Amino acid sequence: MAGVLRIVATPIGNLKDISERAKEILAESSLILAEDTRHSGHLLAALGITKPRLVSCNQHNELERAPVVRERLALGENVALISDAGAPAISDPGGRLVDAIAKEGYRVEAIPGPSAVIAALMGAGLHTHRYVFLGFLPKKGKERTRLIEDAMRAGFALVIYEAPKRVNDTLVDLHALCGPRRVVVARELTKQFETFHRGLLGGELTPPFVALGEAVIVVEAGDAAKALAEIDPLERIQTYFAQGLSKKEIAKRIARELRMSGADAYKLVLSLTANK
Ligand code: SAM
């Protein structure tokens with residue numbers, strides 16, 4: 001009987017998140033394809049899997065690995081594929097190899113487990129019943145704008161993988177295109193400093209975002225106009241006032257959040273803080 005190619009999810013931070021099934025499968029595989037063999041060698045050693053037969057399988061050589069996988073499967077041996085962290089093929093190599101092997105009639109099994117997209121959605125607490133996973137956005141240009149606009153107009157929540165240093169710029173772009181929707185930045189998931197930074201696009205996050213570790217952005221689904229109508233300007237102004245911001249700075253933020261002119265926002269701030 002031919003062997004099976006198993007696509008195995010591994011932890012995204014907390015080693016204890018590896019499943020019993022994943023451990024068993026990795027221990028019994030005759031060959032393990034790994035994005036970075038050194039990195040995965042450490043993981044396997046920590047799981048007590050000694051002397052695994054590891055071969056690299058990354059975005060550059062993924063398809064070149066098909067022959068060696070086929071050879072093993074034909075001999076009736078099982079092969080596993082892992083990535084550096086989380087689920088292979090989710091913004092990671094794996095998909096093209098699965099396609100090549102499945103087309104040849106071999107059996108492929110998915111061994112689910114940790115993945116940042118799911119962990120971020122689980123802790124976000126937003127309306128994400130229907131979401132679209134955009135992975136890493138193009139860094140700039142029309143394709144970036146179109147992707148966000150299409151997903152937003154279709155009424156889906158958005159899930160985006162982003163480098164921490166780029167999170168703030170991406171939040172600015174998301175605000176410009178989606179308006180003031182609720183947003184959560186999930187940082188360092190399953191790790192010691194796991195934090196969900198919650199807030200409104202165009203406003204401040206609580207706790208304030210720090211550009212450290214790894215991050216996923218989740219934007220709530222919904223109607224931008226409705227979200228705008230739900231913002232209470234007085235509540236926003238009072239919050240910023242309590243944070244000690246100047247009236248000018250508050251007006252700047254309110255203008256951005258409520259999509260109004262700077263002059264109108266300043267008038268509003270003055271009228272609502274007349275005796276402060
Ligand atoms: N295959 C992985 C998965 O299933 O989540 C994703 C790999 S992708 C190359 C790496 C991106 O996933 C990071 O830039 C970040 O956006 C997200 N990510 C991975 N681990 C994370 C973590 N512990 N906390 C937050 N985001 C994480």
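1. Start with tyrosine 131, which sits in strand S6, residues 131-136. In this predicted model, tyrosine 131 has 35% relative accessibility, so it counts as partly exposed. Together with Ile118 and Met122, Tyr131 makes up a nonpolar patch on the surface, and the three share about 330 Å² of accessible area.

2. Now for the inside. In soluble globular proteins, nonpolar side chains tend to be buried together. Here, the largest nonpolar core has 19 residues, and the members touching the most others are Leu158, Leu171, Leu174, Val185 and Ile217. Two or more residues each come from helix H6 (142-153), strand S7 (157-162), helix H7 (167-178), strand S8 (182-187) and strand S11 (215-219). H7 gives the largest share, four residues.

3. Setting aside neighbours within four places in sequence, its contacts include Val132, Leu134, Ile148, Leu174 and Ile217. A separate core of 16 residues lies apart from the largest one, with Val117, Leu189, Val216 and Val218 among its members.

4. A few backbone spots deserve a glance. Most residues other than glycine have a negative phi, and most peptide bonds are trans. Lysine 51, though, has a positive phi near 50 degrees; you'll find it in the loop between helix H2 (37-46) and strand S3 (54-56). Its relative accessibility is 83%, so lysine 51 counts as exposed.

5. Threonine 190 also has a positive phi, near 70 degrees, and belongs to the loop between S8 and strand S9 (195-200). At 23% relative accessibility, it counts as partly exposed.

6. Last one: the peptide bond from threonine 206 to proline 207 is cis, with omega near -10 degrees. Proline 207 is in the loop between strand S10 (205-206) and S11.

Key. Residues numbered from 1 in each chain as written. Predicted model: local features only at pLDDT ≥ 70, side-chain atom pairs only at ≥ 80, totals over all residues. Heavy atoms only, no water. Patch = residues over 30% accessible without salt bridge, like charges linked within 9 Å, V, L, I, M, F, W, Y side chains within 5 Å. Areas by Shrake-Rupley, 256 points an atom, 1.4 Å probe, with all protein chains shown as cover. Salt bridge = Lys/Arg side-chain N within 4 Å of Asp/Glu carboxyl O. Buried < 20%, exposed > 50% of the residue type's maximum accessible area, 1.4 Å probe, protein only. Core = buried A, V, L, I, M, F, W, Y, C linked by side-chain atoms within 4.5 Å. Contact = heavy atoms within 4.5 Å.
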